[in-house]
Amino acid sequence: MHLFSTLTIRDVSFRNRIAVSPMCQYSCEDGFANDWHLVHLGARAVGGAALVFTEANAVTPEGRISPADLGLWKDEQMEPLARIVRFIEKNAAVAGTQLAHAGRKASTSAPWNGGSALEVSNGGWRPIHAPSAIPFSSESITPEALDKSGITRIVKAFRDAARRARECGFKVIEIHGAHGYLLNEFLSPLSNHRMDEYGGSIENRSRMLREVIEAIRKEWPEHLPLFLRISASDWAEGGWTIQDSVALACMVKPLGVDLVDCSSGGAIPGAKIPVGAGYQVPFAAQVRREGDVMTGAVGMITSPQQADQIIRNGEADMVLLAREFLRDPNWPLHAAQVLEQKVDWPVQYDRAKPRH
Ligand SMILES: Cc1cc2nc3c(=O)[nH]c(=O)nc-3n(C[C@H](O)[C@H](O)[C@H](O)COP(=O)(O)O)c2cc1C
């Protein structure tokens, strides 16, 4: 196996092991995708990625990180996304979407406007929701703890969004269970202090996520892959650990999760994270080995050789790149050149193709 080996999950074939990691663009109005998303995502399909994920796609309006987030909470939002899916597929890539709820990190401004809590008078909203009424930081909004009916409502919103994703033509859904957003907040003992059946043991803290997976699988066809992004470690004393991640992988695989995308962090501010080249890859490797599930490696993967080695070493089944894809939308085409692999270039670009 190597970076340019094909991969089939359920009935979906990927031309190589390279995915565009979900990346918020903070460029929507009322959750609608637009020409920015078509060009941004389309360019990366043209550039040779096997799988192109949209950014976090909010399942409810309150579940957006910012007012400019992408959304899939109403049918009207489907057509611009369906157009993007058609373009991605026409260019031999698979289109995926990441379904998300921001939880206590909702209602903030775009990063280039400071990324801080947004007042209602500035387009923010209240209440925001979390497992417990604990704010992310001293500058953050204090969330309301969800009651059972609130949990049920959000689980249903994930299911409805999965139905819309299917109708848009997406072939992969990734559940956003990472980075300190709602489902991660339930998982982490640092943000979940509940005393009911959704708090306490790992079985209880993972209950909402498992309900979301089961609800999505009711709408998401058997023949299509379901991914789950997790924060494999909170990098904090008393927080979620890699052992918890392995245990979670074992719980969710029988529910229909095909691949665990191993990111980390985001549960609390100020965690000491040893960021460096491929720093999260060991998480993907351990979850793959001990959880017996396919994994995705993400985070500071930038060079073709590095990405190729991750696949060759059996540390992950896919690599997901984010910022490197912003630097170079044609990264897979360039990586193929470096690794001396033959890949098809878009016919329109054929005259620029390197000839060995
Ligand atoms: C602009 C930007 C937006 C992001 N938005 C999301 C997102 O919507 N969902 C998500 O799971 N991660 C998001 N991330 C995290 C990336 O998917 C990725 O995990 C992280 O950037 C590490 O990979 P990299 O070193 O290749 O950039 C975002 C990252 C960037 C740079």
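Guide: Let's start with Val 39, which sits in helix α1. Helices here are DSSP runs of H or I with at least four residues, strands are E runs of at least two, and both are numbered from the N terminus. This is a predicted model, where local features need pLDDT of at least 70, side-chain atom pairs count only at pLDDT 80 or more, and totals for chains, interfaces and linings use all residues. Residues are numbered from 1 along each chain as its sequence is written, and side-chain values use heavy atoms, with hydrogens and water left out.

Visitor: Is Val 39 buried or exposed?

Guide: Val 39 is exposed, because its relative accessible area is 56%. Exposed means over 50%, buried under 20%, and partly exposed in between, using a 1.4 Å probe and protein chains only.

Visitor: How far apart are Val 39 and Glu 119 in space?

Guide: They are 31 Å apart, C-alpha to C-alpha. In sequence, 80 residues separate them.

Visitor: Back to α1. At what angle does it pack with α2?

Guide: About 15°, and the axes are 9 Å apart. α1 covers residues 35–46 and α2 residues 78–90. Axes are lines fitted to C-alpha atoms, for helices over the stretch in contact, and angles run from 0 to 180 degrees between N-to-C directions.

Visitor: What do you call that arrangement?

Guide: α1 and α2 are therefore roughly parallel. Angles under 35 degrees count as roughly parallel, over 145 as roughly antiparallel, 65 to 115 as roughly perpendicular, and the rest as oblique.

Visitor: Which residues of α2 meet α1?

Guide: Arg 83, Ile 84, Phe 87 and Ile 88. Their partners in α1 include Leu 38, Leu 41 and Ala 45. Contact means heavy atoms within 4.5 Å.

Visitor: And how do α7 and α8 pack?

Guide: At about 45°, with axes 9 Å apart. That angle is why they count as oblique. From α7, Val 246 and Ala 249 are among the residues that meet α8, where Phe 283 and Val 287 are among the partners.

Visitor: What else do the buried residues of α7 pack against?

Guide: Besides α8, they pack against α4, α5, α6, β10 and β11. The buried set in α7 includes Ile 242, Leu 248 and Val 252.

Visitor: Tell me about α6, then. What length should it span?

Guide: Its 13 residues, 207–219, should span 18 Å, and the end C-alpha atoms are 19 Å apart, which agrees. The expected span is 1.5 Å times one less than the number of residues. Met 208 and Ile 216 are among the buried residues of α6.

Visitor: Which residues touch the most other members of the largest nonpolar core?

Guide: Phe 14, Met 208 and Ile 216, out of 100 residues in that core. Helix α3 gives the largest share, nine residues. A nonpolar core is a set of buried Ala, Val, Leu, Ile, Met, Phe, Trp, Tyr and Cys residues joined through side-chain atoms within 4.5 Å.

Visitor: What does Ile 216 contact?

Guide: Beyond its neighbours within four places in sequence, Leu 99, Phe 158, Ala 162, Ile 173, Ile 175 and Leu 226.

Visitor: New topic. Where is the cis peptide bond?

Guide: From Arg 126 to Pro 127, with omega near -5°. Pro 127 lies in the loop between β6 and β7.

Visitor: What about the phi of Arg 10 and Tyr 26?

Guide: Arg 10 has a positive phi of about 50° although it is not a glycine. Tyr 26 also has a positive phi of about 50°. Arg 10 is partly exposed, at 29% relative accessible area. Tyr 26 counts as buried, at 17%.
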